[in-house]
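Please describe this structure for someone meeting it for the first time.

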Amino acid sequence: MPLRFGEFSLDEDRRQVLRGTDAVLLEPMAYELLSLLVTRRPRALSKAQIRDVLWPRTSVADSALASLVADLRSALGDDARRPRFIRTLHGFGYAFCGSVEDQRSPVSRSSPSGCALLWAGREIPLAEGEHLLGREEDCLVRSRSVRVSRRHAKITVRGGRAVLEDLGSRNGTSVGGQRIEGPVELAAGDAIVVGPEEIIFLGRDVAGSTVTDRR
């Protein structure tokens, strides 16, 4: 289901932006920028973080991003001086500042495992079994950043307990600011970092749980 903001809706399944029932014509890169800012809201993204997603492994001038932002604002009827949607953080980057109504089905925390992830402003339930984090289409948390490996890490849920393991990723996986070297049992509130993505683990805080290796 689409994400609604103002008179617009962003349908990620169809890769389309609508004003009411009319399609808004956007260049592919402008759509990617809007989708990135909306899904990462209210987080402000630096120019480097945006370039990392939109132009991976390519060197581009700041003017290219500024031009893309201008095109997106023009398509949305947004004003840089009084923004409704795209806010400029001078010397840093951009953020989505509009109110978004999520039309997707609400996620219930009462999943059989009692565990979930909080990522990009939404909760994702964790069923029993293995869940991948990375860039592949079958990943539960799918990033578009080149700093994230295709199959970066996995979370295995068994009996309400969740264990995180890095899958030999190039840039590593961190929990609580520490890079992990082996399987780690997650506790409620743990912050998992893969590339530029921060994912919060929501689940049972098991008393006496141990970490296999968090050096």
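Leu36, Arg40, Leu45, Gln49, Asp52, Val53, Ser145, Arg147 and Pro196 line the largest cavity of this model, which is a predicted one. The space inside that cavity is about 40 Å³. Counting cavities of 30 Å³ or more gives 1. Helix H2 supplies the largest share of the cavity lining, with 3 residues.

The second largest pocket holds about 220 Å³. Its lining consists of Thr39, Arg40, Arg41, Pro42, Arg43, Leu118, Trp119, Ala120, Gly121, Glu197, Glu198 and Ile200. Two strands, E9 (115-119) and E19 (197-202), each give at least two residues to this lining. E19 makes the largest contribution, 3 residues.

The table sets out the two spaces.

| Space | Volume | Lining by class | Largest share of lining |
|---|---|---|---|
| Largest cavity | about 40 Å³ | 4 nonpolar, 2 polar, 3 charged | H2, 3 residues |
| Second largest pocket | about 220 Å³ | 5 nonpolar, 2 polar, 5 charged | E19, 3 residues |

Where does Arg40 sit in the chain? Arg40 belongs to the loop between H1 and E5. Is Arg40 buried or exposed? Arg40 has a relative accessible area of 11%, so this residue counts as buried. Leaving out residues up to four places away in sequence, Arg40 touches Leu45 and Glu197.

Helix H2 covers residues 47-54, and its buried residues are Ile50, Asp52, Val53 and Leu54. What do the buried residues of H2 pack against? Their partners are helix H1 (28-39), strand E5 (45-46), helix H3 (62-76) and strand E7 (93-96).

In soluble globular proteins, nonpolar side chains tend to be buried together. Here the largest nonpolar core has 29 residues, and Leu26, Leu34 and Ile50 touch the most other members. Strand E1 (3-5), strand E2 (8-11), H1, H2, H3 and E7 each give two or more residues to this core. H1 gives the most, with 7 residues. Beyond its neighbours within four places in sequence, Leu26 is in contact with Val17, Tyr31, Leu34, Leu72 and Ala75. Another core, of 20 residues, lies apart from this one and includes Trp119, Ala153, Ile155 and Leu186.

Pro83 lies in the loop between H3 and strand E6 (86-89). Its relative accessibility is 28%, so Pro83 counts as partly exposed. Pro83 touches Asp78 and Cys97, not counting residues up to four places away in sequence. Pro83 and Phe96 are 13 residues apart along the chain, and their C-alpha atoms are separated by 9.4 Å.

How confident is the prediction? The protein chain averages a pLDDT of 85, and 88% of the residues score at least 70. Two stretches call for care. Over residues 105-110, pLDDT stays under 50, and the model has 9 contacts beyond four places in sequence for them. Residues 205-215 also stay under 50, with 25 such contacts in the model. Where pLDDT is low, the predicted coordinates should not be read in detail.

How values were computed:
Residues numbered from 1 in each chain as written. Predicted model: local features only at pLDDT ≥ 70, side-chain atom pairs only at ≥ 80, totals over all residues. Heavy atoms only, no water. 1 Å grid on protein atoms, 1.4 Å probe; cavity = no way out; pocket = protein on both sides within 12 Å on 5 of 7 lines; lining within 4 Å. Points joined across faces, edges and corners; volume = space filled by probe spheres on them. Nonpolar A, V, L, I, M, F, W, Y, C, P; charged D, E, K, R; others polar. pLDDT = per-residue confidence, 0-100. Contact = heavy atoms within 4.5 Å. Buried < 20%, exposed > 50% of the residue type's maximum accessible area, 1.4 Å probe, protein only. Core = buried A, V, L, I, M, F, W, Y, C linked by side-chain atoms within 4.5 Å.
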